[in-house]
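Visitor: I am new to this structure and would like to learn how to read its features. Please begin with the strands.

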Amino acid sequence: MKTTGVVRRIDDLGRIVIPKEIRKTLRIRDGESLEFFVDKETITLRKFSTSADLSDVSQALLDTICTTINKSIFVTDRDKIVAGSGKFKKEFFNYNISTQLEEYLFNNENLVKSSGTINEIVDNNDINSNEYKYILSPILAEGETIGLVLMISEESKSFTEEDEHIVQIIASFLAKYLED
């Protein structure tokens, strides 16, 4: 565990302020839930996430769908890509989502079609900046956006109406799964 050198007092209501720099670094947003862990005299805070559940079921679903349609599909939580299948898995899987995708995440737009470089999709500066097309749909569970379903193709290829429906079906399935 790394020390930050920051010391905070607990107020009379038992509250502690997490410094803005730490919240920004860890992508902790206003209203986000934190989970407490206690070990003897140590308290650990971790962002609460359903991404473990989301990752497991998403990966199985994406693997099944990708073998049938041969497209690259990914699922994100609110911070990073947690599941993926297809040709572009190495380029995108397990990277933090870009600030542009983060904006889409919180705008709750039903379906977004766009194109851009890899850096407009994920924070990955290690590889070339090929142009990609993508469509995405938010995963809305209990009225809250908890992630995105993202289909990516090369710039020269276009998406069909069926591709759009597949992205929306995956998002709806995952939302329903997480609500149950």
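Guide: Two strands pair if DSSP finds at least two bridges between them. Helices (H or I, at least four residues) and strands (E, at least two) are DSSP runs, numbered from the N terminus. This is a predicted model, in which local features need pLDDT of at least 70 and side-chain atom pairs count only at pLDDT 80 or more, while totals for chains, interfaces and linings use all residues. Residues are numbered from 1 along each chain as its sequence is written, and side-chain values use heavy atoms, without hydrogens and water.

Visitor: In which sense do β5 and β6 pair, and over how many bridges?

Guide: Strand β5 (residues 112–117) pairs with β6 in the antiparallel sense over six bridges. Val112 stands opposite Leu136 in β6.

Visitor: How many bridges join β6 to β7?

Guide: Ten bridges join β6 to strand β7 (residues 144–154), and the two run antiparallel. Here Lys133 stands opposite Ser153 in β7. β6 and β7 form a hairpin with two residues between them, and Glu142 in the turn has a positive phi of about 55°.

Visitor: How many residues of β6 are buried?

Guide: Buried means under 20% relative accessible area, exposed over 50%, and partly exposed in between (1.4 Å probe, protein chains only). In strand β6 (residues 131–141), eight of the eleven residues are buried, so the strand is largely enclosed by the rest of the structure.

Visitor: Which residues of α5 are exposed?

Guide: Glu161, Glu162 and Ile169 are exposed on the other side of α5 from its buried residues, which include Ile166, Val167 and Ile170.
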